[in-house]
Amino acid sequence: MRSRDKIRNIAIIAHVDHGKTTLVDKLLQQSGAFREHEAVMERALDSNDLERERGITILAKNTAITYKDYLINIVDTPGHADFGGEVERIMKMVDGVLLVVDAFEGCMPQTKFVLRKALESQLTPIVVVNKIDRPNARPEEVVDEVLELFIELEANDQQLDFPVVYASGLQGISGLSPDDLQDSMLPLYETIVDHIPAPGENPEEPLQFLVTLMDYNEYMGRIAIGRVNRGKLRQGQTVAVMTRDGGMKQARVEKLFGFQGLKRIEIEEAAAGDIIAIAGIKDINIGETIADPANPEALPVLKIDEPTLQMTFLVNNSPFAGKEGKWVTSRKLRERLMNELETDVSLRVEETDSPDAFIVSGRGELHLGILIENMRREGYELQVSKPEVIVKEIDGKKMEPIERLVIDVPEESMGAVMESLGTRKAEMVNMVNNGSGQVRLEFLIPARGLIGYRTHFLTLTRGYGVMNHAFDSYGPYLGGQVGGRHQGVLVSMENGVSTLYGILSVEDRGILFVQPGTEVYEGMIVGEHSRENDIVVNICKEKQLTNVRSATKEETVKMKTPRLFTLEQALEYLNDDEYCEITPKSVRLRKKILNKNERERAEKHRKMAESHI
C-alpha cells in the first residue's frame with residue numbers, strides 16, 4: 001500500500017467552458033497514463049453522449065494520475081450551477097481544489113458558486129489561470145478579481161495565500177508567471193504536490209466510508225464511489241451500512257477498485273484517504289455510510305441546496321400517444337423518476353392526486369432539461385408543464401429564488417437589454433466597460449424573470465450576447481407578472497398533415513413552427529401569432545385542383561423559414577395553459593385542452609371566478 005503522505009486528493013472546479021476537462025486531458029496525457037499509441041478522445045472524462053454533444057460536464061467523474069511516486073486523485077466537477085448537487089458532494093472527497101479561471105473572461109457567476117462550496121468545506125485552493133494563449137488575455141487583472149472574490153466569500157488567511165499557476169490546457173503549457181511558461185504541466189504537478197495537504201485521517205481507527213457517487217454495471221450491479229474517511233477496507237470484508245433514515249444493515253464487500261488513468265483497477269485493500277469504488281452491496285445509496293460492524297458510526301448526511309424550479313411530468317395523452325415511444329405508461333414513468341432519485345440527490349419527485357402526474361423539482365431549466373433529454377433517448381414518451389419557481393415561506397414571509405445574472409453585450413445593444421431586464425424586475429449591481437466594445441452587466445433578478453428570456457436576449461443582441469446566471473439567494477417575493485410570453489399562438493383546428501398551401505395561407509398571421517408534411521392534431525401549437533391572442537388555423541388545407549389551365553404562369557412562392565425548437569427552447573416557450581409533448585423523435589407544443597370550444601368554456605369559467613374574487 002502507498003504511504004498516506006504520497007496521496008493527493010483534488011477537485012477541479014470552474015465556470016462552464018473555462019477548460020476544466022481539457023486541462024485534465026493534458027494532465028492525464030503528460031503523466032504517462034496512456035500507452036504511446038493508445039487512441040484517446042478529446043475531453044476523455046466527458047463520457048456521456050450529452051456531455052460530448054454539448055461540451056459541458058454534467059456528472060462528476062474521478063481519475064487518478066501518478067507523478068513521480070505520488071498518486072494524485074482528480075475529480076472533475078460540473079461547471080453549471082444546475083448540477084451544484086454534484087459539486088457539493090465532491091467537496092467531501094478531497095483535500096484541495098484547483099479553481100480554473102479563464103484568462104480573458106475572469107470570474108463568472110458559477111465561479112463564485114463553486115468556490116463558495118469549496119471554501120465552506122475548508123479546502124486548500126490553487127488558482128489556475130487557464131487559456132493564457134487567448135487574444136486579449138488579462139491574467140494579472142483576473143488574479144486580482146479572484147482575490148476580491150476570495151475576500152468577498154470570507155476565505156481564511158491560509159486560503160487567501162493561494163498559489164497561482166498560468167496555463168493553457170489546450171496547448172499543454174504552464175508556468176508560475178504568464179511570461180515564463182514551460183512546454184509541459186510540470187509546474188502544475190509540482191504546485192499540487194507542494195500545496196495540497198496529504199490525507200490526515202487515521203487508518204488504525206474503525207472504518208468509515210461515505211458514498212458520494214454511484215455507478216452501475218450489468219455484472220456487478222451498483223458500484224459505490226467515495227473516500228475512506230478512516231480505517232481500512234478489504235475485499236470480502238463484512239461491513240455495516242448506515243442508511244439515510246437511521247437504519248443499519250450488514251453487507252459484504254465483493255470487490256474493491258482503485259483508479260489509474262481512466263481505468264478502474266482491482267485492489268485487495270484500501271486505507272484512510274484513498275478514493276475507491278466498492279461493488280457487491282445491494283440497494284446502497286448516495287449519502288450512506290459504510291462502517292465497521294463492531295463500531296458503527298454514521299458520517300453526517302450530505303446537505304444539498306434545495307431545488308428552485310419545478311415542473312409537472314405527465315403521461316402522454318395526445319392523439320399521437322404511443323406512436324414513437326417504447327415506454328408510455330404511468331408505471332414506467334414513475335419507475336424511471338424514482339430510479340433517477342437514487343443518483344441525483346438534488347432532484348425531488350412528488351406524487352399527485354392523479355396517478356398519471358408527478359411534480360419534479362430541480363435546480364434549474366438545464367437540470368430538468370437534461371433529465372427529460374435522457375428519458376426521451378431511452379424511449380420514454382411524456383408531457384411536461386411550464387417550469388415554475390418554488391416559492392417558500394421563510395420567517396412568515398413569502399420568498400422567491402433570486403439569480404445573479406452576468407451578461408456580456410455589445411455596447412449598441414446595452415440599452416435594449418437593460419430595458420428588457422427592467423420589465424422583469426432585475427436590479428443592476430455592477431457594470432464594467434473595458435473599452436473592447438463589449439460591456440459586462442451584472443444583475444440580481446427573480447428566477448421566474450429568466451424563464452424564457454434567453455431567446456429574447458439573443459434576438460436583442462443579434463446573437464452576440466452571452467448570458468450566465470447562478471442561484472444567489474431567496475429574496476422577498478415580488479408580486480405581479482414577471483417575464484412570460486406576450487404573443488399568442490396559432491393552434492391547429494384539425495388532425496392531418498400540414499401542406500405548403502395551408503402554411504402559406506396563414507404565414508401572414510405570424511411565425512410557423514412546422515414544415516410541410518408534418519403530422520399535426522387538433523389543439524397542437526403550430527406557430528406564434530403576431531398579436532396577443534390565440535387563433536385557430538387550418539394548415540392541412542389543400543388547394544382545389546381544376547381542369548381549367550390558367551392563362552398566366554403561376555408565380556413561384558417561397559415559404560418563410562419555420563422556427564424549429566430544441567427541447568430547452570420549447571420548455572422556455574410554454575405558457576400556463578400549454579404542455580410540451582416529448583417523444584424519442586419529436587418535441588411538440590400543445591394546448592392542455594385540445595378542443596377549441598372546451599378551451600373557450602374553460603377560459604370563460606376562469607374569468608368569472610376571477611371577477612368573483
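Threonine 238 sits across from arginine 252 in β13, and the two strands involved, β12 (residues 238-242) and β13 (residues 248-252), run antiparallel and are joined by five bridges. Strands count as paired here if DSSP finds at least two bridges between them; strands themselves are DSSP runs of E with at least two residues, and helices are runs of H or I with at least four, both numbered from the N terminus. The hairpin of β12 and β13 has five residues between the strands, and glycine 246 there takes a positive phi near 95°.

All of this comes from a predicted model, where local features need pLDDT of at least 70 and side-chain atom pairs count only at pLDDT 80 or more, while totals for chains, interfaces and linings use all residues. Residues are numbered from 1 along each chain as its sequence is written, and side-chain values use heavy atoms, with hydrogens and water left out.

Zooming out, the chain's secondary structure comes to 15 helices and 36 strands. Its C-alpha atoms fill a box of roughly 90 × 60 × 60 Å along the principal axes. Buried residues make up 53% of the 613, with buried meaning under 20% relative accessible area, exposed over 50%, and partly exposed in between (1.4 Å probe, protein chains only). Valine 211, in strand β9 (residues 208-217), is buried at a relative accessible area of 0%. From the C-alpha atom of valine 211 to that of arginine 531, 320 residues apart along the chain, the separation is 54 Å.

Another stretch of strands forms an open, mixed sheet of four, in the order β31-β33-β29-β34. Its edge strands, β31 (510-512) and β34 (535-537), each pair on one side only. Neighbours in this sheet are turned by 35° against each other on average, direction ignored; the axes are lines fitted to C-alpha atoms (for helices over the stretch in contact), with angles running from 0 to 180 degrees between N-to-C directions. Within the sheet, β29 (residues 489-492) and β33 (residues 525-529) run antiparallel and share three bridges, and leucine 490 faces glycine 527 in β33.

On to the rings: there are eight aromatic pairs, where rings of Phe, Tyr and Trp (its six-membered ring) pair if their centres lie within 6.5 Å, with planes under 30 degrees apart called stacked, over 60 edge-to-face and the rest tilted. Tyrosine 67 and tyrosine 189 make a stacked pair, 4.8 Å centre to centre with 10° between the planes. Tyrosine 67 belongs to strand β2 (residues 61-67) and tyrosine 189 to helix α7 (residues 186-195), so the pair ties together parts 122 residues apart in sequence. Both tyrosine 67 and tyrosine 189 are buried. Elsewhere, ring pairs link Phe513, Phe565 and Tyr573 into a cluster.

Charges also sit over rings (NZ of Lys or CZ of Arg within 6 Å of the ring centre and within 35 degrees of the ring normal). Lysine 332 lies over the face of tryptophan 327 at 4.2 Å from the ring centre, and the charged end of lysine 398 is over tyrosine 477, 4.3 Å from its ring centre.

As for cysteines, the whole structure has zero disulfides, defined as pairs of cysteine sulfur atoms within 2.5 Å. The sulfur of cysteine 580 is 20 Å from the closest cysteine sulfur, that of cysteine 540, too far for a bond.
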